Amino acid sequence: MGMVALIIAGCIWLPCLHFVFHRSATDFYQVQGLSPQARQLAARHLDLWTEPRSRERELQKMRASNAEWDFMGRSFLVWSLANMGLREPGSSKAYLETIDQIVDETVRLEKQEGMYFFLMPYAKARHYVAQPAHSLFLDGEIALMAASRRMLEERADYKQLLTERVNAIAERLRKSPQLVLESYPDECWMFDHVVALDAIRLADILDGTDHSALIGQWLAMAKKKLVHEESGLLISSFTTEGTPLDGPEGSTLWMVAHCLQILDADFARDQYERARRQLGRTTLGFSYAQEWPASWTGPADIDSGPIIPVFNISAGSSGMAFIGASAFNDEKFLSSLATTLNFAAFPIRKGGRLKYCGSNQVGDAALLYAATLGPVWQKATNSKL
């Protein structure tokens, strides 16, 4: 009887909570300009790069768990600011200053400390199969940072930076029998490949080069060899031989679908719609995302975050789902995701700045990207090779 009463009570108070915490999609993401949440998230991140002590505290907290988060927080913020500069040309100078500070410091640290500075410790446990060792995770995201900055405004030395990274990635891809590259020793990630291919695509637009054949070859290979048969979703990781390591994962897929938009729009839409059906869930107006489809289950890791039982809610997949919902203009899903975020992520607003206590710097940076994406991809789509 007690359990019945609890269920009845839940059915009453959850809809009431939904009413209290409900947010429209436009509170989070707007096609034109900046939404209120985007502006507040951005204000806090911009402060972190103008207040060294605050930034150092945030970075130390993240690096204590995962050095990747330091790097990815930088990437998502740069990509966000590039989109913001295209949305608000009058403010682009301030955004460019922060972009350049981040890119310059990131490249300096990589050169000074070596590539392992931004990788998890297990990167040193084995030798990379391809020598000399490179991490596509680093090369691809640095290249996309430089490319996004140049889509906002040209900078000559970033042209050289982008050209060097793109040429190196393309050369290694061509030499790879399976058209795949390592991020960690004999460990290749779908996320990192589509990010790198996006950087190559933008470089072609910016500099008049043409890697369309290479991109087409990679897409054909991925559709043939890297799609999980039961779900039709791209797998998240694989070896240098193309052998799957992990199946489809929400913490990867939502971003992958977005990245595919400027590579193969139909394939991108297919992957988003499959992920939406198989991973997206809504309960009494609150939306979230699962990490795995019903046809495959993997181990929880640092990307998925803790998996909440019964509902199988993944913090990583739920956060990245914002990117998918914004990219594909899924307003209903985005609105109910934002309602869940407002309820469960413990937002703190102070002085026009927003942070989520249930997140961290990289999580908030990914949310900022979800709230601002669009203009760079649109500019790429409207450009001709």
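Which residues line the largest cavity? They are L48, W49, R55, E58, L59, D70, G73, R74 and Q361. The structure is a predicted model, in which local features need pLDDT of at least 70, side-chain atom pairs count only at pLDDT 80 or more, and totals for chains, interfaces and linings use all residues. Residues are numbered from 1 along each chain as its sequence is written, and side-chain values use heavy atoms, with hydrogens and water left out.

A cavity is a set of points, on a 1 Å grid over the protein atoms alone, where a 1.4 Å probe fits but cannot get out; a lining residue has an atom within 4 Å of a point. Grid points are joined across faces, edges and corners, and a volume is the space filled by probe spheres set on the points. By this rule there are two cavities of 30 Å³ or more.

The largest cavity holds about 50 Å³ of space. Helix 4 (52–65) and helix 5 (67–87) each supply at least two residues of its lining; helices (H or I, at least four residues) and strands (E, at least two) are DSSP runs numbered from the N terminus. The lining of the largest cavity divides into three nonpolar, two polar and four charged residues. Here Ala, Val, Leu, Ile, Met, Phe, Trp, Tyr, Cys and Pro count as nonpolar, Asp, Glu, Lys and Arg as charged, and the others, Gly among them, as polar.

The second largest cavity has about 30 Å³ of space. Its lining consists of L136, I169, L173, L181, H193, A196, L197 and W218. By class, that makes seven nonpolar, one polar and no charged residues. Helix 8 (156–175) and helix 9 (190–207) each give at least two residues to this lining, and helix 9 has the largest share, with three.

A pocket, by contrast with a cavity, is an open set with protein on both sides within 12 Å along at least five of seven lines. The second largest pocket contains about 390 Å³ of space. Of its 18 lining residues, A130, Q131, R172, L181 and E182 are the closest to its centre. Helix 8 gives the most to this lining, three residues. The lining of the second largest pocket has seven nonpolar, six polar and five charged residues.

C357 sits in the loop between strand 9 (353–356) and helix 15 (361–372). Its neighbours within four places in sequence aside, C357 is in contact (heavy atoms within 4.5 Å) with A345, F346 and I348. The C-alpha atoms of C357 and A344 are separated by 9.5 Å, the two residues being 13 apart along the chain. C357 counts as partly exposed because its relative accessibility is 44%, where buried means under 20%, exposed over 50% and partly exposed in between (1.4 Å probe, protein chains only).
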